[in-house]
Amino acid sequence: MNIIYFIHDLHTIGGIERVTVNKANWLVQQGHTVSIVTTDQNSKKLAFNLSGKVKLIDLGLNYKSSRGKNWFCKAIKLIKNHYCHRIKLEKVLHDLSPDIVISTFGPEMGILADMQLKCPKILEFHSAIVQFHQMKNAKGIRGIITRINYNSIYKNISKYDRFEIL
């Protein structure tokens with residue numbers, strides 16, 4: 001079976017990174033083909049040991065590079081990244097012809113949700129659900145934008161074949 005995971009990066013020391021690497025390593029030991037596609041790896045050292053049998057592909061989008069910038073710069077960067085992300089994602093999916101794709105709730109979540117694929121799409125959420133629900137309680141303009149985003153997330157979740165949460 002050919003499996004693709006999508007995640008921001010594997011240089012951050014965190015739970016989703018550790019779980020993704022552990023699952024990928026186990027799956028290749030079982031004879032499956034596994035690729036991990038990142039958006040923000042930037043040739044940084046991996047936080048966890050990844051089997052040489054797992055193919056690592058970085059799209060070089062660098063979503064995190066807009067942190068600390070004003071909202072206008074962030075919005076422009078996000079629009080540009082989203083467009084480039086869709087194009088690069090389509091190419092990766094075409095080249096690898098996966099049997100299963102797994103999103104780890106990154107920026108690819110909405111893009112994959114809108115794609116008609118011949119394989120199952122799985123969405124994994126590895127954060128405390130309380131944090132997810134607290135997003136909708138923000139105030140002011142930020143609250144309005146957050147609630148729009150929150151509703152969009154729920155709409156996208158329904159477009160996946162499976163939704164896994166902790």
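This is a predicted model: local features need pLDDT of at least 70, side-chain atom pairs count only at pLDDT 80 or more; totals for chains, interfaces and linings use all residues.
The largest pocket in this structure has a volume of about 1,900 Å³.

Rolling a probe the size of a water molecule over the atoms shows where empty space is left. Here, 40 residues line the largest pocket. Which of them lie nearest its centre? They are His 8, Tyr 63, Leu 78, Pro 107 and Asn 149. Sorted by class, the lining has 18 nonpolar residues, 14 polar ones and eight charged ones.

Where does the lining come from? Five helices each give it at least two residues: H1, residues 15-29; H2, residues 71-96; H3, residues 108-114; H4, residues 129-134; and H5, residues 140-157. The largest share, nine residues, is supplied by H5.

Now the sheet. Six strands make up an open sheet, and the pairing is parallel. If you want to trace it on the screen, the order is E3-E2-E1-E4-E5-E6. Which strands stand at the edges? Strand E3, residues 55-58, and strand E6, residues 162-165, do. Each has a single partner strand, so one side of each has no neighbour in the sheet. From one strand to the next, the twist averages 20 degrees.

E1 covers residues 2-7 and E2 covers residues 33-38, and the two pair in the parallel sense over six bridges. To find the pair by residue, start with Asn 2, whose bridge partner in E2 is Thr 33. Further on, Tyr 5 stands opposite Ile 36 of E2.

Is E2 largely enclosed or left open? Five of its six residues are buried, so E2 is largely enclosed by the rest of the structure.

H2 lies across E1, E2, E3 and strand E4, residues 100-103. Its direction is at about 160 degrees to E1.

Last, a single residue. Asn 25 sits in helix H1. Is Asn 25 buried or exposed? The cut-off for buried is under 20% relative accessible area. Asn 25 has a relative accessible area of 16%, so it counts as buried. What does Asn 25 touch? Leaving out residues up to four places away in sequence, it touches Asn 49, Leu 50, Ser 51 and Val 54.

That is the end of my part.

Technical notes. Residues are numbered from 1 along each chain as its sequence is written. Side-chain values use heavy atoms; hydrogens and water are left out. On a 1 Å grid over the protein atoms alone, a cavity is a set of points where a 1.4 Å probe fits but cannot get out, and a pocket is an open set with protein on both sides within 12 Å along at least five of seven lines; lining residues have an atom within 4 Å of a point. Grid points are joined across faces, edges and corners, and a volume is the space filled by probe spheres set on the points. Helices (H or I, at least four residues) and strands (E, at least two) are DSSP runs, numbered from the N terminus. Ala, Val, Leu, Ile, Met, Phe, Trp, Tyr, Cys and Pro count as nonpolar, Asp, Glu, Lys and Arg as charged, and the others, Gly among them, as polar. Two strands pair if DSSP finds at least two bridges between them. Axes are lines fitted to C-alpha atoms, for helices over the stretch in contact, and angles run from 0 to 180 degrees between N-to-C directions. Contact means heavy atoms within 4.5 Å. Buried means under 20% relative accessible area, exposed over 50%, partly exposed in between (1.4 Å probe, protein chains only).
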